[in-house]
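Student: Can we walk through this one together? I'd like to start with the charged contacts, then look at other parts.

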Amino acid sequence: MYDVVVVGGRLAGAATAAHLSKQGRSVLLLEKDTFPKDVLSTHFMWPRGTSYLARLGVLDRVVPVAPFFEEVDLVIEGVSIRSGVAEEDLRNRFRSLHGDDKDVVNASFSARRDLLDDLLLAYAAECGVEVRQGARMTELVEEDGRVVGVRWRSSPDGPETTERARIVVGADGRRSHVARLAGAARKDVRRNGSFACYTYFDSHLLKVPTLRRRGRLGMALSPTSGGRTMALVYGPSDWYQAFRQDSAAHFTQALDYVSPDMAALVDGATRVSGFFMTNDQTPFIREVSGDGWALVGDAASFKDQATASGMTHALRDAELLAQTIGPALAAGDDLTRALSDYRERRHLDSWKYYDFVCSQAEMRAAEASEVNLFRAVSADLRHAGTLLGVFSDTVDPDAVFSVDSMQRILSSNSSVVPPADEPTVASDSNPFAAQDTAEDEHLALTHTVRSFASPAGSRLLERVEPFHRWYSARVESETWLYSRTLAAAPLSTTRLLDAGGRVLEGINFASQDYLGLSNHPEVVEAATAAIAEFGVHSAGSAAAIGNTVHSRRLEQSIAELVETDHVVLFPTGWAAAYGPINALVRHYDHVVMDHYAHASLSQAAHAASRNVHRVPHLDNEAVHAVLRELRDRDPHHAILVVTEGLFSMDADSPDLARLQDICHEYEATLLVDVAHDLGSTGPGGQGQIGIQQLAGRVDLVMGSFSKTFASNGGFVATASPAVRSYIETYATSHVFSNALSPAQAAAANSALRIAMSPEGARLRRQTLDAASALREALADHGLASLGSPGPIVPAVIGDERVARLTHRNLRPRGVAAMVVEYPVVPTGSARLRLQVMPSHTPEQTGQAAAAIAAAVSEARTAIDSLDAASGLARPDSR
């Protein structure tokens with residue numbers, strides 16, 4: 001029996017094994033390949049990674065095979081920032097994470113992976129690791145739900161060997177077999193940001209690596225091992241398919257656009273390899289440990305290549321895991337606490353940088369304010385070192401990119417930094433695509449709304465024209481998903497018109513009316529009576545005289561439903577999400593929120609505070625780690641934690657009881673948005689707070705009437721009269737908006753009373769039955785549904801192009817459904833968000849499922865044909 005079995009022998013695995021073996025642990029390492037063997041990878045190692053190699057004791061072996069550098073030349077929109085990482089920042093990072101700064105080396109280097117991986121694996125063997133190359137793990141051995149070993153083969157037909165260990169470490173890359181077998185699913189999946197293409201030239205063309213960005217393209221040149229220069233170009237993932245049709249010509253075109261002087265330098269050299277390309281860089285995070293197992297490197301978290309940080313983080317994970325589990329292994333202790341320590345410390349060290357890399361990978365053109373910031377940074381060596389520290393994950397990104405930091409940097413250099421009226425940026429059109437009628441025909445299947453979110457130029461109204469051309473192409477091709485108009489009541493069948501005036505008549509799974517109350521006779525009568533009594537308008541803000549007796553009755557009904565004493569009403573659900581955060585949080589406070597939290601909550605948080613912390617979806621342990629870290633360094637300011645009872649895009653829910661306990665442990669306040677579950681699920685319609693027996697115990701409950709309660713509007717509920725009066729006074733979306741109309745308040749109250757009644761219980765059962773029938777029917781046609789049964793059924797499609805054509809194909813089949821794509825959901829995970837009513841019949845759910853399956857199949861076939869005609873393979877997103 002071994003102390004540790006490490007699966008995967010490249011950088012992360014070899015370093016982990018070497019660290020643990022040097023501690024005296026018995027380690028078996030299984031690597032499926034035989035080294036040396038190259039792998040698609042960045043080559044650059046930042047000073048932090050260099051220091052990890054020095055601390056491991058292997059850096060002296062790297063020195064003869066790789067060029068080293070003290071500086072990096074970073075050029076953004078023509079602004080040159082040449083600097084190195086500040087050594088004190090580097091030492092501080094090691095002291096913070098590992099407790100010491102022993103053997104820190106403030107230098108970078110560049111090396112090919114076939115050399116570096118082979119060197120590390122040989123060193124691990126010298127340290128006493130038992131290395132088996134050509135050994136493929138086949139299974140995890142489990143006992144009583146705990147991983148206790150592995151099974152492996154040295155050849156496909158060879159005998160299977162079983163080895164037991166106290167812990168199995170998955171270092172087998174982003175497609176980790178260990179992670180899959182351990183059930184460590186991907187989460188916090190982000191947009192596939194950039195494509196990358198690199199090659200090699202025959203000599204060292206530069207003494208210092210250079211990374212350059214212009215518009216939406218980037219390039220890098222770096223001396224590397226073997227006396228060669230690695231040349232890289234990268235750009236938005238949407239441009240990849242056109243780029244690869246003539247990679248040699250487009251590589252040169254990209255270099256020349258980003259940096260003509262670097263293109264001229266390369267033009268005078270000899271290319272000595274082919275091109276190495278990828279458009280498969282979708283970032284994700286996994287749960288990094290469990291009972292008897294842990295993950296390191298890309299198996300734990302994968303990021304885009306845009307900041308060349310992958311190798312550094314592989315070495316970070318290796319030392320951190322060995323540091324946390326090593327003492328427990330030596331003492332024979334249970335590893336649970338040690339693995340929890342690894343998980344929390346790793347999360348605190350990585351979560352902000354993960355967001356930073358993902359933002360860089362979007363390949364968004366720099367805005368004028370950003371160019372001014374970079375000019376200010378370039379004028380001060382201290383700021384330049386800090387910026388390089390951010391890119392190298394040595395310094396917190398907030399040190400440069402928070403509002404306070406940007407203002408401080410700009411003000412300190414205002415006299416030497418001329419303002420940039422507008423940046424020199426590329427348009428959003430793909431420079432590698434043929435600009436002909438075929439390109440125009442495919443325009444509707446390219447780009448996303450994010451592509452046009454930051455238009456460049458000084459002419460405010462004219463710069464939106466590129467978006468309108470794209471919008472018009474999508475409307476004309478019937479792939480625009482939005483702005484449809486009802487021509488009949490939103491019942492289980494309806495009639496509507498799309499943005500181009502085309503009529504869809506059929507089964508309705510697009511409307512949000514979870515209990516079907518928008519046409520309930522009692523609700524209609526209540527609204528009509530309120531109009532007869534008060535007219536159609538509230539005629540004032542709720543802070544003035546906009547309230548009516550119907551508003552007060554509605555407040556009382558909500559208080560009864562959620563079992564709290566005080567309620568504030570808002571004119572829309574968006575206003576209800578924005579209001580309490582706007583009222584209670586100040587710029588020095590902190591907001592910790594689920595990464596999938598609604599846009600209204602996110603915008604409120606960023607408007608209220610400069611300290612917004614995103615955590616992976618439904619990851620309470622990440623919340624715990626963040627709160628602990630925040631309280632350690634900031635015991636004086638408030639923390640608001642924000643989540644939802646039911647997330648509408650994935651139909652899943654958090655463990656609210658655990659989350660409330662975590663919040664109270666660190667004197668944080670929990671706000672739960674119950675827009676999608678209140679009324680439509682749970683005992684008496686209490687949603688998740690009722691299901692989890694938390695009614696009356698959650699700090700702040702915020703909800704919307706528009707999903708279940710047949711009206712616009714929203715609310716915030718609290719047990720505190722002081723909080724209620726403060727929100728009423730300081731929530732701008734409450735004070736400076738007209739109150740709910742009498743009809744809206746009366747309709748919402750009537751619907752809410754029905755939801756709380758036995759009739760409401762019957763309607764919830766009918767909705768659940770219809771949703772379950774729809775899920776089963778979709779599954780029968782091979783379409784997966786996300787989440788758990790409830791009024792929302794997210795049906796996965798994947799490829800955004802397939803989703804847009806599916807939308808078009810559903811109209812003649814008589815099914816109204818909501819198609820959702822990036823940036824509302826991660827790229828490559830487009831889906832139908834089907835919304836069920838109690839009046840949907842088994843015949844309708846079966847008919848709709850068959851129509852959806854046919855529409856998706858037809859769309860996939862069309863995209864396959866389109867890609868085949870272009871000589872391309874469709875992205876693997878099924």
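Tutor: What follows covers salt bridges, then a sheet, then a helix and a surface patch.
Tutor: This is a predicted model, where local features need pLDDT of at least 70, side-chain atom pairs count only at pLDDT 80 or more, and totals for chains, interfaces and linings use all residues. Residues are numbered from 1 along each chain as its sequence is written, and side-chain values use heavy atoms, with hydrogens and water left out.

Student: How many salt bridges does the structure hold?
Tutor: There are 60. The criterion is a side-chain nitrogen of Lys or Arg within 4 Å of a carboxyl oxygen of Asp or Glu.

Student: What does Arg 628 form a salt bridge with?
Tutor: Its partner is Glu 344, with the closest N and O atoms 2.6 Å apart. Arg 628 lies in helix H22 (residues 620-633) and Glu 344 in helix H11 (residues 336-361), so the pair ties together parts 284 residues apart in sequence. Helices here are DSSP runs of H or I with at least four residues, strands are E runs of at least two, and both are numbered from the N terminus.

Student: Is Glu 344 buried or exposed?
Tutor: Glu 344 counts as buried because its relative accessibility is 6%. Arg 628 is partly exposed, at 28%. Buried means under 20% relative accessible area, exposed over 50%, and partly exposed in between (1.4 Å probe, protein chains only).

Student: Which residues are linked in a network of salt bridges?
Tutor: Arg 48, Arg 93, Arg 316, Asp 317, Arg 346, Asp 349 and Asp 393 are.

Student: Switching to strands. What order does the open sheet of three strands have?
Tutor: The order is S32-S35-S34, and the pairing is antiparallel. S32 (792-798) and S34 (818-820) are the edge strands, each with a single partner, so one side of each has no neighbour in the sheet. The twist averages 25° from one strand to the next. Two strands pair if DSSP finds at least two bridges between them.

Student: How many bridges join S34 to S35?
Tutor: Three, with S35 covering residues 830-835. Val 819 has Leu 832 in S35 as its bridge partner.

Student: Now H20. Which residues are buried there?
Tutor: Among them are Gly 573, Ala 575, Pro 580 and Ile 581. H20 spans residues 573-584.

Student: And which residues form the nonpolar patch on the surface?
Tutor: Leu 584, Tyr 726 and Tyr 730, with about 260 Å² of accessible area together. Nonpolar patches join side chains of Val, Leu, Ile, Met, Phe, Trp or Tyr within 5 Å, from residues with over 30% relative accessible area and no salt bridge; like charges are joined within 9 Å. Areas come from the Shrake-Rupley method with a 1.4 Å probe, and for residues only the protein chains shown count as cover.

Methods:
The expected span of a helix is 1.5 Å times one less than its number of residues. Axes are lines fitted to C-alpha atoms, for helices over the stretch in contact, and angles run from 0 to 180 degrees between N-to-C directions.
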